[in-house]
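Colleague: I am new to this structure and would like to learn how to read its features one at a time. Could you take me through them slowly?

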Amino acid sequence: MKYIETDRLILRSWRPEDLPLFAAINKDERVMRYFPATLTDEQTESFYNRIQAEFDRVGWGLYAVELKSDGIFIGYVGLHGIGFDADFTPGVEIGWRLAADYHNQGLATEAAEGVLKMAKKSGLNKLYSFTAKPNLPSERVMQKIGMTKIGEFEHPDLSVGSPLRTHVLYAIDL
């Protein structure tokens, strides 16, 4: 099912044939450099199943992103229930992960803008986005889509001393 269409992208339901490409993205150290580790095939499959379950449960989630020009799956952009306890949870985040070959082309921003338009119609009141403090490219996407930095926090799932533990936190009212 197609959910969102932008100038260059289609955000749609996931297909089983996306899984090997998703696994390759999650194994790519360039993509995962701001995460604690790359993902194994099993971890990717588990994540894929959680994405599908969220769609079934709430009707939205992390949308598969494909290029309009050739139909190639390039990653995800969408909404996700925040899965840890913090002073801003429970809440819904807007997030993205694209294959490295598609970074720095404005694609994450374009897709995220489409997701924001859809989210405004979904009944959600506020979205958050966060990333490890060193992840300036992702933080720039947050800024470009009109989010406001509301602080920083120590991610509870990352160990003390991890260079990725401190996260920037952005929000936008819908």
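**Reading helices and rings**

Modeller: Let us start with helix α4, where Ser138, Glu139, Val141 and Met142 are buried. Around the helix axis these four cover an arc of only 150 degrees, which puts them on the same side of α4. Buried here means under 20% relative accessible area, exposed means over 50%, and partly exposed lies in between, with a 1.4 Å probe and protein chains only; the arc is that of the directions from the helix axis to the C-beta atoms.

Colleague: What should I know about the model and its numbering before we go on?

Modeller: This is a predicted model, in which local features need pLDDT of at least 70 and side-chain atom pairs count only at pLDDT 80 or more, while totals for chains, interfaces and linings use all residues. Residues are numbered from 1 along each chain as its sequence is written, and side-chain values use heavy atoms, with hydrogens and water left out.

Colleague: How are helices and strands assigned, and what covers the buried residues of α4?

Modeller: Helices (H or I, at least four residues) and strands (E, at least two) are DSSP runs, numbered from the N terminus. The cover over the buried residues of α4 includes β5, α3 (107-120), β6, β7 and β8 (166-173), where contact means heavy atoms within 4.5 Å. Ser138, which lies in α4 (residues 136-144), counts as buried because its relative accessibility is 12%, and, leaving aside residues up to four places away in sequence, Ser138 touches Trp96 and Thr131.

Colleague: Which residue caps the N-terminal end of α4?

Modeller: Asn135 does, with a side-chain oxygen 3.1 Å from the backbone nitrogen of Ser138. Just after α4, Gly146 has a positive phi of about 90 degrees.

Colleague: Why do the buried residues of α2 line one face of the helix?

Modeller: The general idea is that an α-helix has 3.6 residues a turn, so residues three or four places apart point the same way. In α2 the buried residues are Thr44, Phe47, Tyr48, Ile51, Glu54 and Phe55, and, seen down the axis, they fall within an arc of 120 degrees, so they line one face of the helix. Glu42, Asp56 and Arg57 are exposed on the other side of α2, whereas the cover over its buried residues includes β1 (2-5), α1 (18-27), β3 (62-67), β4 and β5.

Colleague: How many aromatic pairs does a search of the whole structure find?

Modeller: The search finds 17 aromatic pairs. Rings of Phe, Tyr and Trp (its six-membered ring) pair if their centres lie within 6.5 Å, and planes under 30 degrees apart count as stacked, over 60 as edge-to-face and the rest as tilted. One of the pairs is Phe88 with Tyr128, which is tilted, at 5.3 Å centre to centre and 45 degrees between the planes. This pair links distant parts of the chain, 40 residues apart, with Phe88 in the loop between β4 (73-81) and β5 (92-98) and Tyr128 in strand β6 (residues 126-132).

Colleague: Which other ring does Phe88 pair with?

Modeller: Phe88 also forms an edge-to-face pair with Phe153, at 5.0 Å centre to centre and 65 degrees between the planes. Because Phe88 lies in the loop between β4 and β5 and Phe153 in strand β7 (residues 148-154), the pair ties together parts that are 65 residues apart in sequence. Phe88 counts as buried at 7% relative accessibility, and Phe153 counts as buried at 10%.

Note on methods: A polar contact is a pair of N or O atoms within 3.5 Å; within protein, one must be able to donate a hydrogen and the other to accept it, and residues adjacent in sequence count only if both atoms are side-chain atoms.
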